[in-house]
Amino acid sequence: MAWQGMAAEFLQVPAVTRAYTAACVLTTAAVQLEILSPFQLYFNPHLVFQKFQVWRLFTNFLFFGPMGFSFFFNMLFVFRYCRMLEEGSFRGRTADFVFMFLFGGVLMILLGLLGSLFFLGQALMAMLVYVWSRRSPQVRVNFFGLLTFQAPFLPWAILGISLLLGNSILVDLLGIAVGHIYYFLEDVFPNQPGGKRLLLTPHFFCFWTPLRRTPTTCPFLRSVQEPICHRRSNQATMEPPHFQDQLDLGSSLLFKIYQ
């Protein structure tokens, strides 16, 4: 049956992309069915640190608003660029990928306190797109079948779409800023004279079974000078060929549906 084929295809998606996308869709569906309320999900420092509602530190990244064009637009970009990162520059490095999520999430929450931001899922999406775009500078992106440009311009094009949709660009700017900080610390600064790697994935991540794909992903499981768990992320900057130049396929379909 068709749904069985879709389920089988979804199970082929890398673990982190599959888990995060499913969590976002299920959370939005629960809100749409009135099982949950957005007031139970948004980030509120008072409720987190004084009422110990710690789940808000995570759920604010899972809700992208009611189902509509904006939701499907965000989900398309989350799924696509999260998957391309996980299958590209983070291939075989699931622990490093999860650590990137945690680093970005913590930094967004700290910076979000300054702007009183309640939902940061769109900022996380912007971060994923920014990191992918900087690691794939030669890829040409066809945006909605209207514009073709180099990948590093993609985050700014998305920011423009958010502006047209009436969303706050502060969230997108936050995601771009955090993405740039991660990219600089992970890909730029270590290659500078006197630079060194500052973002080291905790060894606990390497030993945690769901994140340990092979024995070579952790320095304690392999005696080498530079552990794969901490190797330079720019060794695999180009994405698999079948992911390139296909942005217009899914996004154009959604654009036509919601015109």
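Predicted model: local features only at pLDDT ≥ 70, side-chain atom pairs only at ≥ 80, totals over all residues.
**Exercise 1.** Determine how helix 6 and helix 7 are oriented to each other, and which residues form their contact.

*Solution.* 
Step 1. Helix 6 spans residues 94-115 and helix 7 spans residues 121-135. Their axes lie 10 Å apart, and the packing angle is about 130 degrees.
Step 2. That angle makes helix 6 oblique to helix 7, because angles over 145 degrees count as roughly antiparallel and those from 65 to 115 as roughly perpendicular.
Step 3. The crossing of helix 6 and helix 7 is right-handed.
Step 4. Helix 6 contributes Met100, Phe101, Gly104 and Met108, which meet Ala123, Leu124, Met127, Leu128 and Val131 of helix 7.
Step 5. By class, the residues of this contact comprise eight nonpolar, one polar and no charged.

**Exercise 2.** Carry out the analysis for helix 5 and helix 7, giving their angle, handedness and contact residues.

*Solution.* 
Step 1. The axes of helix 5 and helix 7 come within 9 Å and cross at roughly 40 degrees.
Step 2. The two helices are therefore oblique to each other, since only angles under 35 degrees count as roughly parallel.
Step 3. The crossing of helix 5 and helix 7 is left-handed.
Step 4. On helix 5 the contact is formed by Asn74, Phe77, Val78, Tyr81, Cys82, Met84 and Leu85.
Step 5. The contact of helix 5 with helix 7 contains eleven nonpolar residues, two polar and no charged.

**Exercise 3.** Describe the largest nonpolar core: how many residues does it have, and which elements give two or more residues to it?

*Solution.* 
Step 1. The largest nonpolar core has 53 residues.
Step 2. The residues with the most contacts inside this core are Tyr20, Phe77, Met100, Phe101, Met108, Trp132 and Leu154.
Step 3. Two or more residues of the core come from each of helix 2 (15-32), helix 5 (69-87), helix 6, helix 7, strand 1 (140-143), helix 8 (154-164) and helix 9 (169-188).

**Exercise 4.** Locate Gln53 and decide whether Gln53 is buried or exposed.

*Solution.* 
Step 1. Gln53 lies in the loop between helix 3 (45-49) and helix 4 (56-59).
Step 2. Its relative accessible area is 18%, so Gln53 is buried, the cut-off being under 20%.
Step 3. Apart from neighbours within four places in sequence, Gln53 is in contact with Leu47 and Val48.
Step 4. Leu41 is twelve residues from Gln53 along the chain, and their C-alpha atoms are separated by 9.6 Å.

Terms used:
Residues numbered from 1 in each chain as written. Heavy atoms only, no water. Axes fitted to C-alpha atoms, helices over the stretch in contact; angles between N-to-C directions. Helix = DSSP H or I, 4+ residues; strand = E, 2+ residues; numbered from the N terminus. Left-handed = near helix turned anticlockwise from the far one by under 90°. Contact = heavy atoms within 4.5 Å. Nonpolar A, V, L, I, M, F, W, Y, C, P; charged D, E, K, R; others polar. Core = buried A, V, L, I, M, F, W, Y, C linked by side-chain atoms within 4.5 Å. Buried < 20%, exposed > 50% of the residue type's maximum accessible area, 1.4 Å probe, protein only.
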